[in-house]
Amino acid sequence: MAACALRRGLLSGVSKFSRKHSHRILSVPDINSGNEVFKPRLQCRACGLLGGVQQKMFMSSRNRPEGKVLEPVGVFEAVKQHGKYETGQLFLHSVFGYRGIVLFPWHARLYDRDITPPVSDSKPEPPGAHGSKEVKGKTHTYYQVLIDTRDCPHISQRSQTEAVTFLANHDDSRALYAIPGLDYVSHEDILPYNSAEQIPIQHELFERFLMYNPPKSPPFTSRDTLKAWQEKNHPWLELSDVHRETTENIRVTVIPFYMGMREAQNSHVYWWRYCIRLENLGNEVVQLRERHWRIFSLSGTLETVRGRGVVGREPVLSKEQPAFQYSSHVSLQAPSGHMWGTFRIERTDGSHFDVRIPPFSLESNKDDKAPPAGYTF
């Protein structure tokens, strides 16, 4: 499983050893199951030692007739404590374990309900949501990235390997299409590395968006097609608000996106997608059993939605697989609204508790742009 426990200890381990030691990313087979899985290990080029638990590293392996062998993938770089990563930066995702490359950064307002802010610079709670807390928005960097398609089958903690969907370019208001392997990644989820390969990431858009440029660091430069695609699809790609809240060591992060408006039966229908990540920050094994949503529309309607699990799954969150992420969609017959709710979580002893989903706004863009373009080349 590609996402085994690349946690906070990994960040400290990499930064501690990065000045004196360089670490190769190696591959290793799972000899117990007979299946190809990703088991993090580090090998130091300076001393030749394999790293311990606090310095785990993502790896890949290749099947050959004579068996599976270790293959170097790249060398870790120092984690950026300040500033941002540039276009072309190779990285490993610290939670989901996949290899990826940065396309471009976004700057979002992070509303963290775990932090008690002063009243100024705060965002009021939507009508009807739990509590009356105001939350301060802090600027935070996220990245648009490509996921290596070789790792997609192993990302078991994701309901899909894309966090981007678009409305289709025709009249069917429910028609959606997605670009596989296009994700949003928070700055702290990036573990940077470098590679000598000219095509280190396998994705159909890699060579269309990026070109190899050895004198540059990182040695990949954006093509004009990437710049044009970003400019054309900016309204549908950009994330502006991120909402986060923790209940009993279960942290829920929500990122909403406005997708556009469609006309249906002589009325306007506004669409949003939202990405949700659940993370178990504790040691207890828990399982998501139910969801309970409340959706408020500017038209004055309040809808309640209850159901088993999320996107047809009831994920288990443990130290081995601490996170689960999925995307879904919502439509309103009004240009704005709010959503909030709870997830019912079950402990191993059969007891339950409710985890709060932080309230978030559904806001439409003031100028409704043309449908997204540039998906086909």
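Student: Where does T141 lie, and why is T141 called buried?

Tutor: In this predicted model, T141 lies in strand β9, residues 135–147. The relative accessible area of T141 is 15%. Buried means under 20%, so T141 is buried.

Student: Which residues does T141 touch, leaving out those up to four places away in sequence?

Tutor: T141 touches K84, P105, W106, H107, V185, S186 and H187. Contact here means heavy atoms within 4.5 Å.

Student: What makes β19 and β21 a pair of strands?

Tutor: Pairing needs at least two bridges. Two bridges join β19 (residues 286–297) to β21 (residues 316–317), so the two strands pair. They run antiparallel, and Q287 stands opposite V316 in β21.

Student: How many bridges does β19 have with β23, and how many with β20?

Tutor: β19 and β23 (residues 336–347) pair over eleven bridges, in the antiparallel sense. With β20 (residues 302–308), β19 pairs over seven bridges, also antiparallel. F296 stands opposite H338 in β23 and opposite L302 in β20.

Student: What do β19 and β20 form, and which residue in the turn has a positive phi?

Tutor: β19 and β20 form a hairpin with four residues between them. In the turn, G300 has a positive phi of about 105°.

Student: Why are C152 and C275 called buried?

Tutor: The cut-off is under 20% relative accessible area. C152 has 18%, so C152 is buried. C275 has 6%, so C275 counts as buried too.

Student: Which residues have the most contacts inside the largest nonpolar core?

Tutor: They are L237, L239, I276, L278 and F343, in a core of 79 residues. Strand β7 (residues 99–112) gives the most to this core, with seven residues.

Student: Which residues does L278 touch, not counting those up to four places away in sequence?

Tutor: L278 touches I250, R251, V252, L288, L317, P322, A323, F324, Y326 and F343. F343 is also among the residues with the most contacts inside the core.

Student: What makes a set of residues a nonpolar core, and which residues does the second core include?

Tutor: The members must be buried residues of the nonpolar kinds, joined through side-chain atoms within 4.5 Å. The second core is separate and has five residues, among them L167, A264, V269 and W271. In soluble globular proteins, nonpolar side chains tend to be buried together.

Key
Residues are numbered from 1 along each chain as its sequence is written. This is a predicted model: local features need pLDDT of at least 70, side-chain atom pairs count only at pLDDT 80 or more; totals for chains, interfaces and linings use all residues. Side-chain values use heavy atoms; hydrogens and water are left out. Buried means under 20% relative accessible area, exposed over 50%, partly exposed in between (1.4 Å probe, protein chains only).
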